[in-house]
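Notebook open, model loaded. I want to look at one helix on its own and then at one helix pair.

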Amino acid sequence: MEEYLFWKVTEFLIVKKEYRILQLSQDHGELWLEKTENKHSQVVRLLHYNLDWSNWLQRDIKMTSENGDRIRRKLTKGDLKILNLYFSAYPPVDDYEFRIDEPALSDNGKVTVDTILVERSNVYDALSKIEKRFDDEIEIELAEEFSEDDVESIKKNALSRAVSRAKEEQSIFNYGKPFFTYIFIAIQVLMFLVLEAAGGSTDTSTLIKFGAKFNPLILEGEWWRFFTPIILHIGLLHLFMNTLALYYLGTMVERLYGNMRFLFIYILSGFSGVLASFIFSPNLSAGASGAIFGCFGALLYFGVAKPRLFWRTLGLNILVVLGINLAFGFTIPGIDNAGHIGGLVGGFVSAGIFHLPKKKRPLLQTAFLFVTISAIALTLQYGFSGKANIVDESSILVLAQQHIKAEEYEQANDLLSDYRKSETLSAESLFMLSYTEIKLGRLEDAKRNLLQVVELAPDFHEAYYNLALIYLDEKSLEEAQTFAEKAVELNPGQESYRKTLEQINHYLEEAA
């Protein structure tokens, strides 16, 4: 009877209440079950053992609380409630009720053990307590005798259901084999080597040349810059950190969602990250961080779709790592946190569009698709409308430098002049504008801008030198001498400054 009751309660817990097996002794006489979602009995321990003395009962309850504390740490729980069930032919021969009347606590007070003794004289009362605990009825037909076949049938049903459920859950995490994760890792490593060979992965002009996110050029129509930054990285440390993150997160997401879903999630997340960076950050940027945060987003969607499985397997670890990464983004300067958050959202919605493998939610998936397309369209419209502050002076300077390197002086001049109409230029931008004017032969405009530069930045020695050259070209030797002397004073180590001053002094001596 006791073995029958043991396995009948076990069957009830596994089949009907969906508990999972934590531990099973070799003789199948002790079983630990877990269902952390059940706040009243997160762990159930069942023991089929003929009790003799209450002292043994006390020691066993103590041992149960200690083992429960180890399970608590493994499950990363703050507190743990254990239902401890004994199945015995008879109760202990001495007084034992006071041992189980009140819950027992572990030494650290984090584990609570409630004990129920099921024995022949109190079967109905004990089963009633268990049913009340789970607010459900246990379907048990008691008889005078039970055959081994009766017990074996119940036992087989309980264990097979537990195994099949475990396999089913495990299959969710092995739906696909990582493929595109390794492809993207190989591509970003290859592109890093290409960048290094072409001028350096930290060189601004090289990054722009190979497709980094650069708002002024996106505004000029280079739409592919919403995608190409995903495979570019700025420096070896940036590449290493993102490759490591992609290896762990990418393989996890690709196993969970499958190859094609992962490909879609990764690309859309990367695009969403770049799009958010385009709207909220005018700085040049590159990296797979947005797509990697999209993997976080896809895992969070899995948490929404299957909360129980998520919290029991990935939940806490994923949230802790995500929180740390977001905290770094908000506290460390230079990190494109807009891209991270954009990628996170992109990963969540792209997972929502496809949902989980072998599962379909047509209305929900259609809603995700509609919201995603609408959000992208509205964001792009806002970005290209001119209302968003997506270009700053540093971006204009970088683009102007690119034009000057290509000897496209007219384009650089137009760029700086147009920006000057809406914003006040800094000394550096004014100096660059004057340089384009010198190259275009507009010396009066250049002189006027250079005089404004030295007024804004009195230690700008290049501006003094260029003024000296302009005045020398105009044969205004005394003014040229004044500015040349100032340039030499500010930067005495510059050989060209001294030679120009000597030349001006020579002309003045000849004129005298």
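I'm working from a predicted model, where local features need pLDDT of at least 70, side-chain atom pairs count only at pLDDT 80 or more, and totals for chains, interfaces and linings use all residues. Residues are numbered from 1 along each chain as its sequence is written, and side-chain values use heavy atoms, with hydrogens and water left out.

**Helix H20**

I looked up H20 (residues 461-473): 13 residues, reaching 19 Å from first C-alpha to last, close to the 18 Å expected at 1.5 Å a residue. The expected span is 1.5 Å times one less than the number of residues. Helices here are DSSP runs (H or I, at least four residues), numbered from the N terminus.

Ten of the 13 residues of H20 are buried (under 20% relative accessible area, 1.4 Å probe, protein chains only). Among them I noted Tyr464, Tyr465, Leu467, Ile470 and Tyr471. The cover includes helices H18 (427-439), H19 (443-456), H21 (477-490) and H22 (495-511). Just after H20, Lys475 has a positive phi of about 65 degrees.

**Pair H11 and H14**

What is the angle between the axes of H11 and H14? They cross at roughly 45 degrees and come within 6 Å (axes are lines fitted to C-alpha atoms over the stretch in contact; angles run from 0 to 180 degrees between N-to-C directions).

The contact (heavy atoms within 4.5 Å) includes Gly290, Phe293, Gly294 and Gly297 of H11 and Gly339, Gly343, Gly347 and Phe348 of H14.

Notes
Helix = DSSP H or I, 4+ residues; strand = E, 2+ residues; numbered from the N terminus. Buried < 20%, exposed > 50% of the residue type's maximum accessible area, 1.4 Å probe, protein only.
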